[in-house]
Amino acid sequence: MSVKHAILALLSSEPSSTYQLCKRFDASTGQSWPLNIGQASSTLQRLERDGLVVRDDTETDGESGGQPWRLTSKGADDLQVWWERPVVAEQRGRGELVVKLALATVTPGVDVLALVQRQRSTTQRTLHDLTRLRRHADDFVGQLVLDHHLFLTEAELRWLDHIEGTLGRRAEVRSDADAAIMAEPSLVSNAKGRR
């Protein structure tokens with residue numbers, strides 16, 4: 001998710017202080033991706049350095065959290081390019097869970113099935129929490145964001161079920177192969193010779 005472009009989009013509708021931007025960001029994402037003030041500040045400093053935002057000359061009241069930021073014409077152009085560019089999932093499959101499970105399958109001594117079960121338990125709790133939040137979301141934006149999280153979480157659960165099923169089938173195949181070897185004395189001696 002691009003915090004840079006989220007800030008530019010928020011500033012395109014009205015100048016805002018860093019504090020206001022954080023509040024508006026949280027509201028626009030249904031409170032599901034909190035933006036801390038430090039991240040917002042460092043992003044705004046980079047945007048200012050790049051000429052995409054400037055501090056507004058007007059001073060605001062104490063509640064707004066300081067001098068507001070304003071979008072520059074260069075910032076508006078950059079934002080327009082972002083609006084027009086489709087989102088492409090870059091480096092799909094490099095999420096921590098995917099990498100963790102991939103490495104677990106090739107690392108001796110890791111109980112992959114236990115890892116999958118622990119992850120499923122955590123993902124089911126997340127699904128429960130998201131469902132509860134979605135039930136109480138009364139604005140369109142919050143519903144849209146929470147629906148996205150729900151669909152991704154449901155997909156992760158289906159993927160974990162698939163992994164568990166695959167592990168079960170592989171274990172059955174190995175069991176059948178071991179049983180076949182044990183049933184044939186010549187195969188047992190050949191298997192011992194290969195070790």
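In which helix is L150 found, and what surrounds this residue there?

Modeller: Happy to, keeping in mind that this is a predicted model. L150 is found in helix 7, which covers residues 140-183. L150 counts as buried because its relative accessible area is 9%, and the cut-off for that label is under 20%. As for its surroundings, once residues up to four places away in sequence are set aside, L150 touches L127, L130, T131 and R134. Take L130 from that list: L130 and L150 are 20 residues apart in sequence, yet their C-alpha atoms are 6.4 Å apart in space.

Another residue of helix 7 is worth a visit, namely V141. V141 has a relative accessible area of 36%, so V141 is classed as partly exposed. Leaving out neighbours within four places in sequence, V141 is in contact with A27, S28 and T29. With T29, the separation along the chain is 112 residues, while the C-alpha atoms of the pair are separated by 6.7 Å. Of these partners, A27 and S28 fall within helix 2, which spans 18-28.

That brings us to the nonpolar cores. The largest one has 19 residues, and those with the most contacts inside it are I7, L8, L11, L21, L44, L47 and V53. Two or more residues come from each of helix 1 (3-13), helix 2 (18-28), helix 3 (37-49) and strand 2 (69-71). Helix 1 gives the most, with seven residues.

Now for the whole chain. It holds eight helices and two strands, and along the sequence these follow the pattern α-α-α-β-β-α-α-α-α-α. Of the 195 residues, 28% are buried. Among contacts with a separation of 6 or more, 52% join residues 24 or more positions apart. Finally, the chain exposes about 13,200 Å², with carbon and sulfur atoms supplying 54% of that area.

Notes:
Residues are numbered from 1 along each chain as its sequence is written. This is a predicted model: local features need pLDDT of at least 70, side-chain atom pairs count only at pLDDT 80 or more; totals for chains, interfaces and linings use all residues. Side-chain values use heavy atoms; hydrogens and water are left out. A nonpolar core is a set of buried Ala, Val, Leu, Ile, Met, Phe, Trp, Tyr and Cys residues joined through side-chain atoms within 4.5 Å. Buried means under 20% relative accessible area, exposed over 50%, partly exposed in between (1.4 Å probe, protein chains only). Helices (H or I, at least four residues) and strands (E, at least two) are DSSP runs, numbered from the N terminus. Contact means heavy atoms within 4.5 Å. Accessible areas come from the Shrake-Rupley method with a 1.4 Å probe; for residues, only the protein chains shown count as cover.
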